Amino acid sequence: MAKKSRVFLRGMSSEQYGLKEFRKAQLAAPRVRNDDFVADDAQVGHSGDSQDSRTWWRIGPGDEPFLTQNLQVHFVEIPAGKSNHGHGHQNEAVFYILRGKGYEIHDDVKYPWEAGDLAVVHVDSVHRHFNDGDETAKALVVKAKSTWMYHNLIQQGRSGPIEGEDAFGPREDWSRLWTPGLAEKVKIVKPADTVWETTRDGTVRVICSKDTPNVRVVSVDIYEQEIPRGSRSAKHLHMPDEVAYVLSGRGESVQWEVEAEIAERY
């Protein structure tokens, strides 16, 4: 089967100097995708899938029409007693465990997880995911991979012999470049480690953000939000991309386009 082309980091272009056409096309894209939509079924060889595990994408910068420039979201399923291939990359990734139980091996260290946990694949990690439970494990994976690629941090692949390895010199421990204390931060966040708080956006459980400095995540914020029946969150504005995965219930989102005047005061 022929492999499909995939865009990891999209450029911005326009027939004129301004980006109004680009913005108009972006805003016209549909905002809701259900389980019938698969942006990529991992046939293009970027996945760590084994013959047992399965990966499929829900959204990414290569979509047509694309909805985000930096967030990539996909699912991973591993049957009971199975695993995916070990692989590594420079960008970090966070796994929200939707179902099942298992463990990670990151740089030869074991990290157990179960449904409701957030498992962090840290920067520059060689990692592999295992299911040691009795049901298929499923995880929602979120990463800002394009941010790393923009800075040319693109090393990625499976462990194995390197052709002409002597030409590259002796191996070095990349962890010496990490911020002091980073390796001691939490990589498995359990529901008991977090607190549900009442906010203007409803009841919220922050899993990782700038307000959780003990968690080893630097590129994305993850939180759960509960909105009671017949209620709503507050109207709010933010510049970064945001993806909401609905765990249960039904409702609707209302989004407003914001016009900005570029002046001394906005």
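**Cavities, strands and salt bridges in a predicted model**

The lining of the second largest cavity is made up of three nonpolar, five polar and one charged residues. In this classification Ala, Val, Leu, Ile, Met, Phe, Trp, Tyr, Cys and Pro are nonpolar, Asp, Glu, Lys and Arg are charged, and the others, Gly among them, are polar. The structure is a predicted model, in which local features need pLDDT of at least 70 and side-chain atom pairs count only at pLDDT 80 or more, while totals for chains, interfaces and linings use all residues. Residues are numbered from 1 along each chain as its sequence is written, and side-chain values use heavy atoms, with hydrogens and water left out.

The lining residues of this second largest cavity are His89, Gln90, Asn91, Lys145, Met149, Leu153, Ile154, Gln155 and Gln156. Its volume is about 30 Å³. A cavity is defined on a 1 Å grid over the protein atoms alone, as a set of points where a 1.4 Å probe fits but cannot get out; a pocket is an open set with protein on both sides within 12 Å along at least five of seven lines, and lining residues have an atom within 4 Å of a point. Grid points are joined across faces, edges and corners, and a volume is the space filled by probe spheres set on the points. By this rule there are two cavities of 30 Å³ or more.

The largest cavity has a volume of about 80 Å³. Its lining consists of Val76, Glu77, Ile78, Phe95, Ile97, Arg99, Glu104, Trp113, His129, Ala137, Lys138 and Ala139. By class, these are seven nonpolar, one polar and four charged residues. At least two lining residues come from each of strand S2 (72-78), strand S4 (93-99) and strand S9 (137-143). Strands (E, at least two residues) and helices (H or I, at least four) are DSSP runs, numbered from the N terminus.

Turning to the open space, the second largest pocket holds about 930 Å³. It is lined by 25 residues, of which Val126, Gln155, Ile162, Arg171 and Trp174 are the closest to its centre. The lining divides into six nonpolar, 12 polar and seven charged residues. Strand S3 (87-89), S8 and S10 each supply at least two of the lining residues, and S3 gives the most, with three.

Five strands form an open sheet in the order S6-S5-S8-S3-S10, with antiparallel pairing. Strand S6 (109-114) and strand S10 (156-157) are the edge strands, each pairing on one side only. Two strands are taken to pair if DSSP finds at least two bridges between them. Within the sheet, strand S5 (residues 101-106) runs antiparallel to strand S8 (residues 125-130), and four bridges join them. Elsewhere, strand S12 (residues 196-199) and strand S13 (residues 202-208) run antiparallel and are joined by four bridges. A hairpin of two residues connects S12 to S13, and Thr198 has Thr203 in S13 as its bridge partner.

Side chains of opposite charge can pair when their charged atoms come close. With a salt bridge defined as a side-chain nitrogen of Lys or Arg within 4 Å of a carboxyl oxygen of Asp or Glu, the count comes to 10. In one of them, the side chains of Arg58 and Asp35 meet at 2.9 Å, N to O. This pair links distant parts of the chain, with Arg58 in strand S1 (residues 54-59) and Asp35 in the loop between H1 and S1, 23 residues apart. Arg58 is buried, with a relative accessible area of 9%, whereas Asp35 is exposed at 54%; buried means under 20% relative accessible area, exposed over 50% and partly exposed in between (1.4 Å probe, protein chains only).

Another salt bridge joins Asp117 to Lys190, the closest N and O atoms being 2.7 Å apart. Asp117 lies in the loop between S6 and strand S7 (118-121), and Lys190 in the loop between strand S11 (188-189) and S12, 73 residues apart. Asp117 counts as buried because its relative accessibility is 0%, and Lys190 is partly exposed at 30%. Salt bridges that share partners join Glu114, Asp117 and Lys190 into one network. Glu172 and Arg176 also form a salt bridge, with the closest N and O atoms 2.4 Å apart, and both residues are exposed.
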